[in-house]
Amino acid sequence: RRREGQALPHWYNTSIMGLSLSSSLRIGLLSAAAGTAAGFSFGAAAASGVRRTASTGLRPASLAAQSSAAAVSFKDAGLCKKLDVPADLLEKVDVFIFDCDGVIWKGDSLIDKVPAVLAMLRAAGKKVFFVTNNSTKSRKGYLGKFKSLGLEETQPEEIFSSSFAAAAYLEQTKFKESGKKVYIIGEVGIEEELDMIGVPWIGGGSDAGKKIALKSGCCPPRGADRLVSCALQHRRSTRLQVRAAARLRRGRRHRRL
């Protein structure tokens, strides 16, 4: 949202996971890839292109907290509208960002018309990128999936997954220099991305078969102090249960009277 008459804020100048966007780059976000290359029809779920006007910078937290009764939506400001002439989208947008699951493929099956749409966009000189919040694969793994589905023109630098985003964050914050390790609660995608940047990790698939049996009043052994703490906590819990049962009995007697 923006104030009426106010220019687009500078956080429209953005970098997508390390990808710098050039000046006056216009981004089109598509939530569906179904469509025909001949008619340029991308389906009802296609989103309108939003023009980006600069090259660098991130949205500050102070801007995120701003709100005003005078704020208007993108639609009310005339910045987005229903796509009536699909060809207009191609004329105004230079970069297309596609989700993967349910957009490019469904499970292990390629969605119909996707190859034709991607080929048409590339032939028109458009930049194409693929994003996913599925961390089960690394970029290398996803590249293999693209190739196996016949999308041979896909390049590694066009793929952005949440596993890569996690590794990129740790690299940018110089986590490796801390000498610590990452405990992975996830799958091989995160493991491979961390291996690529040399960040040590534990957990992940190696802990997949481990089981912890917990029951009331039981805690893993961690020394005498820990055991005493667990015992006291269990005693307090038992007292609370006894008091709750007593209140319940008094309430039943009161209702009978």
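View 1. Patch members have over 30% relative accessible area and no salt bridge, with like charges joined within 9 Å and nonpolar side chains (Val, Leu, Ile, Met, Phe, Trp, Tyr) within 5 Å. Arg 249 sits in helix H7 (residues 224-256). Helices (H or I, at least four residues) and strands (E, at least two) are DSSP runs, numbered from the N terminus. Arg 249 is partly exposed, at 46% relative accessibility. Buried means under 20% relative accessible area, exposed over 50%, and partly exposed in between (1.4 Å probe, protein chains only).

The model is predicted: local features need pLDDT of at least 70, side-chain atom pairs count only at pLDDT 80 or more, and totals for chains, interfaces and linings use all residues. Residues are numbered from 1 along each chain as its sequence is written, and side-chain values use heavy atoms, with hydrogens and water left out.

**View 2. A nonpolar surface patch with Tyr 183, Ile 185 and Ile 202.** Together, Tyr 183, Ile 185 and Ile 202 have about 350 Å² of accessible area. Accessible areas come from the Shrake-Rupley method with a 1.4 Å probe; for residues, only the protein chains shown count as cover. Tyr 183 lies in strand E12 (residues 182-184). Its relative accessible area is 46%, partly exposed.

View 3. Ile 184 is buried, with 4% relative accessibility. Its C-alpha atom is 5.1 Å from that of Gly 203, 19 residues apart along the chain. Beyond neighbours within four places in sequence, Ile 184 is in contact with Ile 190, Glu 191, Leu 194, Trp 201, Ile 202, Gly 203 and Gly 204. Contact means heavy atoms within 4.5 Å.

**View 4. The salt bridge between Asp 108 and Lys 145.** The N to O distance is 3.8 Å. Asp 108 belongs to the loop between strand E8 (105-106) and strand E9 (109-110), and Lys 145 to helix H4 (residues 139-148), so the bridge ties together parts 37 residues apart in sequence. A salt bridge is a side-chain nitrogen of Lys or Arg within 4 Å of a carboxyl oxygen of Asp or Glu. The whole structure holds 5 salt bridges. Asp 108 is exposed, at 66% relative accessible area. Lys 145 is buried, at 11%.

**View 5. The salt bridge between Glu 153 and Arg 122.** Here N and O are 3.5 Å apart. Glu 153 is in the loop between H4 and strand E11 (159-161), Arg 122 in helix H3 (residues 114-123); the pair links distant parts of the chain, 31 residues apart. Glu 153 is exposed, with 52% relative accessible area. Arg 122 is partly exposed, with 22%.

**View 6. The salt bridge between Arg 139 and Glu 193.** The closest N and O atoms are 3.2 Å apart. Arg 139 is in helix H4 and Glu 193 in helix H6 (residues 188-196), a link between distant parts of the chain, 54 residues apart. Arg 139 is partly exposed, at 22% relative accessibility. Glu 193 is buried, with a relative accessible area of 1%. Elsewhere, salt bridges with shared partners join Arg 122, Glu 153 and Glu 158 into one network.
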